[in-house]
There are 2 protein chains.
Amino acid sequence: MNERVKDALVKIVGKNNFTEDLIDLVSYSSDASLNQSRPLAAVCPTTTEQVAAVMKLAKEEGLTVTPRGAGTGLSGMAVPVKGGLVLDMARMNKIKSIRIEDRVVVVEPGVVYGDLAKELAPHGFAFPPDPSSGVVATIGGNVATDAGGIKGAKYGTTKDYVMALEVVLPDGRVMRTGSACMKSVSGYDLTHLFVGSEGTLGVITEITLKINPIPPLSSTAMGTFDRLDQAGQAVSEIMHSGILPSVLEIIDEPTLKAINENTNMGLPEVEAMLLAETEGHTETEVQYQMDRVKEIFKKNGASTIRQAKDAQEAADLWTARKSGYGVLARINKNLLVEDCSVPMSHVAELLRTVQEVAEKYDLVITTVGHAGDGNLHPTVCFDASDPEVSQRAHDAARELFEKVISLGGTLTGEHGIGLDKAPFMTMEHDPVEMEVMRTFKKALDPDNRINPGKMALNG
Amino acid sequence: MNERVKDALVKIVGKNNFTEDLIDLVSYSSDASLNQSRPLAAVCPTTTEQVAAVMKLAKEEGLTVTPRGAGTGLSGMAVPVKGGLVLDMARMNKIKSIRIEDRVVVVEPGVVYGDLAKELAPHGFAFPPDPSSGVVATIGGNVATDAGGIKGAKYGTTKDYVMALEVVLPDGRVMRTGSACMKSVSGYDLTHLFVGSEGTLGVITEITLKINPIPPLSSTAMGTFDRLDQAGQAVSEIMHSGILPSVLEIIDEPTLKAINENTNMGLPEVEAMLLAETEGHTETEVQYQMDRVKEIFKKNGASTIRQAKDAQEAADLWTARKSGYGVLARINKNLLVEDCSVPMSHVAELLRTVQEVAEKYDLVITTVGHAGDGNLHPTVCFDASDPEVSQRAHDAARELFEKVISLGGTLTGEHGIGLDKAPFMTMEHDPVEMEVMRTFKKALDPDNRINPGKMALNG
């Protein structure tokens, strides 16, 4: 980076908030995906004015800018493929206000999900989408990617909670969208165009979120099914039952086997395990809902049904679901954590398809997922240093996504498009929709300077 | 309308779906607001292809097009201010599919809200936003205006349920947006740009909605408060309590008085009445929640607290809330039903402000509203044929909106901007946001041909 531009950046953000040290740039060259590309430099702005000044300078100097949260994204959206500048938003991390009576919090984008959760918990409130990276992921990243989580069936995703934004546009103009009112239909909903836009339209500098009271009581139960179609049918019947479990997860046989081979959990090695959680303000309500769920498990031939007797037993049940990734990461060189959604009635069919694809490409693919909202995470276990295996893994992913789309599914339920799924965009989106997305991108970022190369928006 | 264009339109939609009869055009010249403007002709397309052909013809012939649902809008969004063609979507009224296990329904835009509700009820499901015009309003209109309703606090508004759309763009291109999957973050969220865009960006021809199971049991209670600030404090404390009532309504003193003067209800003439509903799958849960609400009523000095003992008593309580508009319509020449939202902690302050404005302008303004989501409907009772009174009513509305904005509120919670609030848009939205809205409008509708003159998007 030339000295003049460097000096100008240092002048804007201060010496301690600018870096071109190799060790930093290596960190900034990747996220939680397998992509890598090194930026020229990185800045950590601490105010909206600094972000605006950086964007104006970048425009004058023809620099690309890639905004970044905690870098926990799994699709490469924070990787600066065209080099340029990384805009690390982590130091804009103030919780500006918590207004319980208005069900609103206002935060800067660098606030960590877990930190906000800790502040809200004593009030009995939460911002419900809870990505598994929540201990480190930032709210700005959650919003830019429309992060999901385990409670999507009942509580939706980040988009259902973003009420208003402050955004710095690619040319440095500052814009406010939306309203801190629970209900507003004043003008176009620009807020939701930015939610999930993966930093390709502007830099989010302030977020107003709706928060929810969380019922104080919950219960957890698991059901094991010898056959996948029994579990699939159970999911469909729960959907029909009028009960909306706060969590309804599915774990497939390869995952159960991998856990058993590497832990002492001794899980039943069945085709599918379902885990459900119900909630309420009273034990009666929680148990009523759980009884309906267990009846449906039983009716569909569950080989085991176990309801946790207390919080410890519930935690033990969740350990199985949560340990999958850790176990797989330990025993495999690389994991390609995929992410796709189908309508809930196709969950069992999709799981079967995953196994067919795994066999065809001679790969181990394990799947866990959010059965209650149709969002599954097939995880390809492979060695990325072997080009032949790597190619097979990527071919398998393409074939899988073709099947997902043919089932009425979507390329990504919560991990985003980024770099990894950009080549698949036209599988899902018709040419007119692609054109309109590109029109809007071009309208706000005519020089393609902010997070270029992502989402198939252009070159 | 010239014969050549007329023949071309008839060729597209058929003779019975075209009209230029005066009696029809008079109907099409207004909606539920006080605005009027007559179109040249109206067509009622029955397929997406017909809509696309009409839009292409309109482009060639330089005709403006105003899409229309049932015409129940209160802000003039369906009034064809520039004449041209009205596109009456009422005959595209098929429910295409109901897939309970996927929590999805697919409908054409002309499906009436109440008809869909009737189809879903036997399954125990609903599309929760329930505008008071729901018996006649169409789903297409609900989506185009992001309709709200009485259950917004717990269930949100239309935008929280729209998953995917088929849209005909102003140039006749057909586009699909979104996904029928519960979770999808694939590409820009174009769906929500169309939700609430009041027909200014394209014509919605198919809608995929998320549906919710509705808990089977509910209870209703009312509390009366001699002082407005007691009611306001009660609302704030309910928000803090962890209970999310499915309904929490407020009725002000002028409304209670108007009802008493014209019915036999004999309501207590207090400064504010609150009505709350709680829900659950078990009586225990419903009562637990209602007990919390009643405790808060009591703690804040409620002069009366009454919980309905059965469905009939509950219905009686709701009659008070629902009869307000009918009574006012009977005793006044004209009603200007306003619509604004504030953060919930400002509900009492806003109600007081409404009364101050009413006194200042020597008008009767009564207010009911959705206290649980901060959305209030001050209703100006006046004689529109008297220009002086009319002017006062409009001046009062402007002053009211200035106060609303100063309280962190929004111009409209659920009735939309349309014509009536277009002059106020810049009170709420900063110049950059206005510019970006106009940029997107221009990107899709460069000739300003679809629903021109609305939302201050341009001339």
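Apart from neighbours within four places in sequence, Val293(A) is in contact with Ile238(A), Ile243(A), Ala276(A) and Thr278(A), where contact means heavy atoms within 4.5 Å. This is a predicted model, in which local features need pLDDT of at least 70 and side-chain atom pairs count only at pLDDT 80 or more, while totals for chains, interfaces and linings use all residues. Residues are numbered from 1 along each chain as its sequence is written, chains are lettered from A and ligands numbered from 1 in the order in which they are written, and side-chain values use heavy atoms, with hydrogens and water left out.

Val293(A) belongs to helix H10 (residues 283-299) of chain A; helices (H or I, at least four residues) and strands (E, at least two) are DSSP runs, numbered from the N terminus. Val293(A) has a relative accessible area of 1% and is therefore buried, a term that stands for under 20% relative accessible area, against over 50% for exposed and the range in between for partly exposed (1.4 Å probe, protein chains only). Met222(A) is 71 residues away from Val293(A) in sequence, with 9.7 Å between their C-alpha atoms.

In helix H9 (residues 253-262) of chain A, the buried residues are Thr255(A), Leu256(A), Ala258(A), Ile259(A) and Asn260(A), and they pack against strand E13 (247-252), strand E14 (272-280), helix H11 (311-331) and strand E18 (364-370) of chain A.

Between the two chains, 90 residues of chain B are in contact with 89 residues of chain A. The table lists further values for this interface.

| Item, chain B and chain A | Value |
|---|---|
| Buried area | about 7200 Å² |
| Share of buried area on carbon and sulfur atoms | 61% |
| Salt bridges | six salt bridges |
| Asp373(B) to Lys183(A) salt bridge, closest N and O atoms | 3.2 Å |

Buried area is the accessible area (1.4 Å probe) that two parts lose on being put together, summed over both. In chain B, Lys183(B), Val185(B) and Tyr188(B) lose the most area to chain A, together 14% of what that side buries.

Methods:
A salt bridge is a side-chain nitrogen of Lys or Arg within 4 Å of a carboxyl oxygen of Asp or Glu.
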